[in-house]
Structure formats: C-alpha cells, structure tokens
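Student: I would like to go through a structure with you, one question at a time. Please show it first.

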Amino acid sequence: MLTPKESKHIELECINCRTRIPLTKTVDGCPKCGENILEARYDLTLINVQEWLKAIKKRGRSLWRYFEVLPLYDPANIVSLGEGGTPLIKSRALASMLGLKHLYIKDERQGPTASFKDRQATVAISAMKEIGVESVVVASTGNVAIAYAAYGARAGIKLWGFFPSLAPSEKMREAAVYGAEVIKITGTYDQTKEIAARFAKRQGIFLDRGIKSVAAIEAMKTMSYEIAEQLGDDLEDGKRWRSPDWFIQGVSGGMGPIGVGKGFREMFHFGLVDKMPALGMIQSTGCAPMVEAFKRGQRIATPVDDPQTIIATLATGNPGRAYELLYDYVKKYGGAFASASDEEAFNATRIVARNEGLSVEPATAVAFAGLFKLVQQGVIKPDDVVVLNCSGHTMPVESQILGDQWQRSVDLSERTHVPVPPQEGLVSAIEQIDSQVRRIVVIEDNADAARLIRRVLQAKGAEVHLAHDGETGLNVVRQVRPDMVITDLMMPNVDGFQVIDTLKADPELQHIPVVVITAKELTAKERARLNSQVDMLLQKGSSIDEEVIENLVGKLD
Ligand SMILES: *Cc1c(COP(=O)(O)O)cnc(C)c1O
Ligand SMILES: [Zn+2]
C-alpha cells in the first residue's frame, strides 16, 4: 500500500547554498559550504497528488500514513507503536472564556510515551534501523530520552541517555524502565549536550543530532499534515485540507514549530493548502532567549547561560540556528514570540485541567499561558483559527504540580479533626470561603460561559440561578432576591446596561451587588457609567482565572 522503496526519491537541500544531494547514510552536512542543516525534499511529481490524498484516507491513523514525505526508503524499517494521529479537540469552555471561536487543542499527550517526542522517536529510530545503527547517544531533558528508549527497545537499538540535573528523576526512571543507560550530568542542558557529544565521539557511538537531524524536523512536520487534514474535515467537510491562522507551542529548542512550518510550506507548494499559518513560540520567562532577541529585533539570540526556570523541558539556553529559522519564518509569514513565568504556567495547568479535562505538563502549560496573553494583547483575534500543541502529559511530573498535599486524610481511628495544611492558590481560595449557601443570579447568554461560572460557584456552595437574557434575568432577580447578580453586557434585547439601570432604579433591588463579566471593549464613557453602578468589572479575557470567579463569593462577606 505504501509507495515501494524503488520509486521513492529523497534529496537533501542545504538551507544555505541550496546544493542538493541524495539522502544516504553517509550524509554529514553540506559538501559544498559545510552547513549543518539540510532539509529533506520529496518529488511529488512522481505521484499524482489527488491519488495520493485518496490513498492516505484509506491508511491507518499513525503518522506513517504520510510515508511519501518521510525520510525513509523501506517501509519494512518502520518501528511503530501507533504514534501520531492524535485527536484535534475543539475547545469549548476555555475558548469561550477567551472569546475565541475556533480554538483547537492537538492532543499530543495521547501518544505511546505521552508526549509529541514519540513522533521524533519513531522517525529517527526507524531511520537508524535503515542505516544499521546499533546504539545511540542522546541528550535530553526527559521526553526525547523516554521516547527513544521505548522505540529503541522495540528496534533492538541501545540508548545512552544524558540528562541535566534539572530533569525530574521520575522521567529518568521512566527511560531506565525501557533498558536505557541513564547518565545524569550536574550542569545545564547545553552543557549536557556537549558532554553527550564528546562521549559519543570517544566511544564511536552514533550521536543523535537533535534539531540538526533530518529525521527530527521531518517527524515534527507530521503534526502539520494531521492538522491540515483534521481542520479540513472539521471546517471544510473534508473537501480540502486547511491551514490554521495560528500554531502555538511551548518552545525549547524549537524543533516543533520548525517542523510544522516546513510541513505547511511543503503542503502550500504541493497545492494542498492555500495559506501559511502564523507561528506562536512561547518560552518560559526564566529561559527565553528567542523572546528577548526578537524583542530587540535581532536574528541571532544571546544564549541564557543559567536558565531560571524549574521547567526542565524548556531549558534550552542556546537555541543557535533554530532561532534564525524561526525568526525568518515569522518575518515572512507572521507570528509572535512570547513568554510566561513558571507561576503563570502552573496556574494555567489548573485552568486547563479543570475546564478541558486535560492534564498537561508544565512545558505545555507555558503554551496555554502564552495563548492567554496573545489573546489579551489582541495579537490573536476572536475569529482566528488557533491550534495549540498540547505537547505532553502531567503523569511524569505530577509531584511537581500537586506538591505533597494533594490528598486529605481522614483517620477514623481517632475521632479528632485532622487540620488540612494551608495550600496555595485556587485550593486555598476554596478553603477560605465558608460553606453558607449564598444565592447568586447569573445573566449570561453564552451557554458555555454560563455553565463554567455556575460550576465554579456551585462548587463553593452557592445557590446559582441562570438566565440567558436580560429580561428573564430581571424576572429571576425579582423572584429569588439574590445576594449578588453577575451579568454579561452584550445580550440580545435587554442588554446588561439596561439590566443594571433597572436594578439600580428599583428601591427594593438597588442594594444588590452587581458584578459585570464582559468580553466587550468598553469606551471611556461606558466604563465611567459602570464604575458608578457596579461592584466589580471583569474583562472576560483577563478573568480567565477561575480564582477570580471563586473570590466573588468571598466578596459577599
Ligand atoms: C520537547 C518539548 C517541548 C519543546 O519542544 P521544541 O519544539 O523542541 O522546542 C515542549 N513540550 C514538551 C512536552 C516537550 O517534550
Ligand atoms: Zn551548502
């Protein structure tokens, strides 16, 4: 079913001088100019594109369904665990809170090793098998080594995994489970890469070249093919493939967005999609060399020698050439570099888990936190089709996220009250509010937003009455005489302004505190008018945090 190896034609093109050479096992940089980065080129003129699309539809969901554009000659060398083909989940609650109409989450957690690095592993390990590699050295903050260890085990290729000390020990242990040699280096990730390279050279072991390896970029590219196909199914009834307006990812070395960008360029060239997406690269504030360089308008990034982040996955201090490639992409096709702090990321972890049912690792949460910012800044617009790479699962790092106090013990043998230690953030906000029932009327025409607000308030013990338009809202207020009214502004017929005017003009209702939650851009006049009438004004984009809603209940005290 896959194209047989005799008819496959793969060349490598130097990104500097554009020299082309055939892909063989001896390729090591450009023979003409010495450039390290070579890009794979496929000749789709050998295949009829329409025929190819039909053939793809009939294949399994694994990323190997795009075999014709992957750097492997013989399908017999594929080492697979069913990777790729991850769902593109349409966000509801989060999208509604952000005011986005088309927010999609590419759920890469659902791969065999729970991060998108299993794409890299299946392609790289298969390519190694094709050229006869028996053992490989890789430097990793965790996920690459875990994925290589699993696929290496399956292929009979031994893995030497070098980890910086920041890597969570749970991740090193996971790699060891698959039989990898685990070497922990007391130093930064960049230093670990150097030591791994020296070790490989001295021992004569194959070194994985990371971003400079053809397999890595080509593997990450498969995300873009899946996204185009899945968006086409969702937005174009499967009649054609479709690019999003944005691809957003938490970025360390930049392999993901570089691969995705290359994929869309290829599809554009083949005539499969009609535009190029903007790329959103989100880094951790404590290690954001790309963000800093872009802000200064520089094409070369100044390395961060001592990353100040506990998010090991994103601790590449020196992005090297990868940043130049991303800089060029953003200048040509659009995009943004942004950063989010560890704290913002951990906060986003909870928001995403509680609203979307997705438990993501901190590196992924950085992408969500960055998305919130780009929306608030108006860089991403309400109508934009946005795809976020949900790059990894919490499982290996749960202890980092929850700390030690995630469970409450009730000891029945001693009938004494066990005090629960104070906890940070969201949880402590809940603890502080007494459980006395309070009555709140929520007037909100967006059903998803209304449900979210109700759920959070009910969890706090409030009695919540929902109304989906202003007129019904006023009737409900008159009936139930609530302790608080929460209202949206933009609603059909009787809008939020009229609701507030009516309440404030009624001697029996004017004492009820009013909170406004809105996505509307307010004029100075509107703002002044509201300021005199309402107790709190929350912009939907910025009030994304559940804590804000929860604290409302506290405001009644
Ligand atoms: C590797 C990794 C990243 C960063 O990927 P790059 O594209 O190489 O910068 C983000 N999230 C997770 C979970 C990862 O494993
Ligand atoms: Zn060259």
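Student: Which strand holds Ser 284?

Tutor: This is a predicted model, in which local features need pLDDT of at least 70, side-chain atom pairs count only at pLDDT 80 or more, and totals for chains, interfaces and linings use all residues. Residues are numbered from 1 along each chain as its sequence is written, chains are lettered from A and ligands numbered from 1 in the order in which they are written, and side-chain values use heavy atoms, with hydrogens and water left out. Helices (H or I, at least four residues) and strands (E, at least two) are DSSP runs, numbered from the N terminus. The run of residues 278-284 includes Ser 284 and is strand E11.

Student: Is Ser 284 buried or exposed?

Tutor: Buried means under 20% relative accessible area, exposed over 50%, and partly exposed in between (1.4 Å probe, protein chains only). The relative accessible area of Ser 284 is 0%, so Ser 284 is buried.

Student: Which residue has a side chain in polar contact with that of Ser 284?

Tutor: Contact means heavy atoms within 4.5 Å. Leaving aside neighbours within four places in sequence, Ser 284 has contacts that include Thr 309, Leu 314 and Asp 342. A polar contact is a pair of N or O atoms within 3.5 Å; within protein, one must be able to donate a hydrogen and the other to accept it, and residues adjacent in sequence count only if both atoms are side-chain atoms. At 3.2 Å, the side-chain partner of Ser 284 is Asp 342.

Student: What is the arrangement of the donor atoms around the zinc ion (ligand 2)?

Tutor: Donors are N, O and S atoms within 2.8 Å of the metal (3.2 Å for Na, K and Ca); water is not among the atoms, so sites may look incomplete. Here the protein donors are the SG atoms of Cys 14, Cys 17, Cys 30 and Cys 33, 2.3 to 2.4 Å from the zinc ion (ligand 2). Four donors count as tetrahedral if all angles lie between 85 and 135 degrees. The four donor atoms subtend angles of 104 to 116°, so the arrangement is tetrahedral.

Terms used:
Four donors count as tetrahedral if all angles lie between 85 and 135 degrees; four count as square planar and six as octahedral if opposite donors are over 155 degrees apart and all others between 65 and 115; anything else is irregular.
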